[in-house]
Amino acid sequence: MLESVTIDNYEYVLGSIMVKGLKEKGYRVLTPPQVEALESGFLKGDNIVVCAPTASGKTLIGEMALINAFLNGLKGVYTTPLKALAYEKYIEFSFWERYGARVGISMGDYEVTEEEVERLGRYNIIVTTYERLDSILRRRPYWIKNVGVIVVDELHMLGDESRGHIVEMILTRAKTLGIQVIGLSATVGNPEEIALWLKAKLVKSSWRPVKLYEVITYRLSDGSYAMFLPGNINNASSPIVVSDVTRYWIEKAVKEGFNVLEFKYSRRGVEELAEQYSSVVCEYLTSDDRNRLEELVQLMKVELPDFEYEKLEHLIKCGVSYHHAGLTPEARRIIENAFRERIIKYLAATPTLAMGVNLPARVVIVNVYYYSGGGRKKISVLEYKQLAGRAGRPQYDPYGIVVTAKDVKSMRESEYYIRGFPEPINSTLLSESALRKHVLAVIASKEANTLNDIQLFFSNTFAAMKMGKEILNKKINNILELLEDLSMITKRKVVNNVVYEATKLGLVTTMLYIDPLTTTIIVEGLKRNEKASELYYLSLIGMTPDFSDVNIGRGVRKAYYDLIDSYVLLKQLPDEDLEQVFIDQRIDWMRGVMIGLILTDWVNEVPERRIIEKYGIEAGDLRVIRENGEWLTYSAAVIAKTLNMVTHSKELFKLVERVKHGVKEDALELVKIRYVGRVRARMMINSGIKSIEDVLNKENLVIRLFGDGWGKKIVEEARKMKDII
DNA sequence: ATTTCACCCCTCTAGACAGCATGTC
DNA sequence: CTAGAGGGGTGAAAT
């Protein structure tokens, strides 16, 4: 056993102030990846890529770089893929405020106005989401020259199909501007290549804080399972056969006081797992367990909407739950905490859980099959390692156990995940949808305006290194033509060069952070009518590529075919010809219609429960639809204004507020009052209270409606608003 | 005449980031 | 491609 290395050993590198702070934060010993990183000399300013498993202390390396920059009078930026992670890190780094560092956060929940960007100039440490940082960098804030380091959390996201290109652009700009880069990555197949691209030193480590046993598991033809347990668990190198793996581990877990996490790539799948094993866990609960679970149930009853609570109640009472994005964020947080405290013994989850907050378990069961695009596929080794990394809670568990590939049918397939190497990650920037956004952004921000400069800018990308500049330049040329066709940019010939400039529409598109195609669809849709219904507007934005896909209940679409036909005839919906406006670009017309119907119900005050049942969606889905709807309705409003479509823009701006609060027009004033949402606003209007003025004049009526507590609060809030006016 | 049931066909499959106007009183 | 569960529809058998 190596003697542990302490922070003190590196005081000569870290400096006394940082050492003092880190100790105050509770750090003493350094993990091997941290030692290696320090040895690499990243605090002197070199780029570094750290490839190491979950919980090996990568964040601290980033944190050191941020503090180092701060102590040198520079700014540090830390960027992550999730808002929840950004917030977590923000809280963590706020510790340094006692050392004089000003710590700020910037993500979509906060505005990105000029003032906001200016405001960020005051901070020494800024935590952002990837997209927000991309958006900020496009605005080229004056303070960018003071940024000493950008720390990219979850750097392996670089290979993510839908968002990797954002990371690539951030890093490309960091390279171009000569800003130090610290990349924190899971173990990937080609770390050398990424390090080479970033001109970074590479720290590779497989060190984990908890020993990990990967248990080869597979299904036998009779439906039972073979498992090769590790030697020191049952001293056997031949497999044991159990009829049900999950049951086997749950029984062990409940008796020995640890918990079990199972991953599966399907919402329905995880709900079924929870259902299936709730009776198993229930059998073993102690009276103490039951009491704690009863408390938990009471908490959920208060905190969650009824329809969500009703779905979970019987599971939670048995110490079991599922976890996926159909749940509201509130439900997810409660379940995560209960699992962390081991009140919930068995949790079946989709990969949301592995992406987000740190939630380890002694035993992790991994299913590897998922279904997509009509086929049956297996998750990659990289994804498997990410899920497996959740096994073993540092400081609590002596080891972690991963049941590898519960749903495969041969030993070979299971071993493949254990012995196999994570796949190399590739650039995703060359997809048309990614490139059209970024080429436009580079032109709109004036980071590059001539063909040569644009090509030069993109020659710094990972894509250029991987694919070669010729292919890249060809693609860029195609995109430039497309953007010109879409009226996003204009072209001018100057002597030996071509100069590009963003149009008003292009500028707006970049600022709104939407896809040029989204803008075009909105423009085309609006052009067709002078004035339109809310259903028309809301369907139109639902058809754009920026609106995320929605899980509509089975059979629901079909049930609406006739209704939809009649709407199209009445010109209440954008007609399907809209699709033909875009050669080669399929727009999701049907999705848009469903979104339109859902959001129309929402802004007409149909109760949430009713909407969810009607369209077979879940509480969490409705929330996503509302957020997307708000952002894109706003975007449509700004686009309409840019094109001087006065009626549309007026209507759309009004609609933004209605989507935000889920109310009809007459309730817009009331919902501005804090503590008043769609339901209370309607109650007041029904009682004759129609404005803030009315609230103050009919104080007693408000208190009669909502009781002493809420009633008085609401009146008080209304008074505050009156005072402001 | 109405209900029940076996059977076939069809459908469906994870997640999450981004925006913050303006004219008028 | 290499799945599999559940919903809906259908038609014939059972009541």
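1. Two residues are in contact if their C-beta atoms, placed from the backbone, lie within 7 Å. In this sense Leu-483 touches Arg-436, Val-439, Leu-440, Met-488, Ile-489 and Pro-516, leaving aside residues up to four places away in sequence. Leu-483 belongs to helix H22 (residues 469–485); helices (H or I, at least four residues) and strands (E, at least two) are DSSP runs, numbered from the N terminus. Leu-483 counts as buried because it has 25 C-beta neighbours inside 10 Å. The cut-offs are 20 or more other C-beta atoms within 10 Å for buried, 12 or fewer for exposed, and partly exposed in between.

2. The model is predicted: local features need pLDDT of at least 70 and side-chain atom pairs count only at pLDDT 80 or more, while totals for chains, interfaces and linings use all residues. Residues are numbered from 1 along each chain as its sequence is written, and chains are lettered from A and ligands numbered from 1 in the order in which they are written.

3. The largest nonpolar core has 115 residues, and Val-363, Val-364 and Val-366 touch the most other members. Such a core is a set of buried Ala, Val, Leu, Ile, Met, Phe, Trp, Tyr and Cys residues joined through C-beta atoms within 7 Å. Helix H31 (residues 619–642) contributes the most to this core, nine residues. Another core, of 96 residues, lies apart from it and includes Ile-61, Tyr-90, Leu-483 and Ala-502.

4. Val-363 touches Trp-249, Ala-253, Phe-258, Val-260, Ala-391, Ile-401 and Val-403, not counting residues up to four places away in sequence. Val-260 stands opposite Val-363 in strand E16. Strand E13 and strand E16 (residues 363–366) pair in the parallel sense over four bridges; two strands pair if DSSP finds at least two bridges between them.

5. Strand E13 (residues 260–263) is covered on both faces, with Val-260 and Glu-262 buried on one side and Leu-261 and Phe-263 buried on the other. E13 also pairs in the parallel sense with strand E15 (residues 346–349), over four bridges. There, Glu-262 is opposite Ala-348.

6. Strand E10 (residues 211–219) is parallel to strand E19 (residues 399–404), with six bridges in the pairing. Leu-212 has Gly-400 as its bridge partner in E19. E10 runs antiparallel to strand E11 (residues 225–228), joined by four bridges, and Thr-217 stands opposite Met-227. The hairpin of E10 and E11 has five residues between the strands, and Gly-223 takes a positive phi near 95°.

7. Seven strands form an open sheet in the order E5-E6-E4-E7-E8-E3-E9, with parallel pairing. Strands E5 (103–106) and E9 (201–204) are at the edges, each pairing on one side only. Within the sheet, strand E4 (residues 75–80) and strand E6 (residues 125–129) share five bridges in the parallel sense. Gly-76 has Ile-125 as its bridge partner in E6.

8. Which residues of H25 meet H29? Glu-534, Leu-535, Leu-538, Ser-539, Leu-540 and Gly-542 do so, facing residues of H29 that include Arg-591, Ile-595 and Leu-599.
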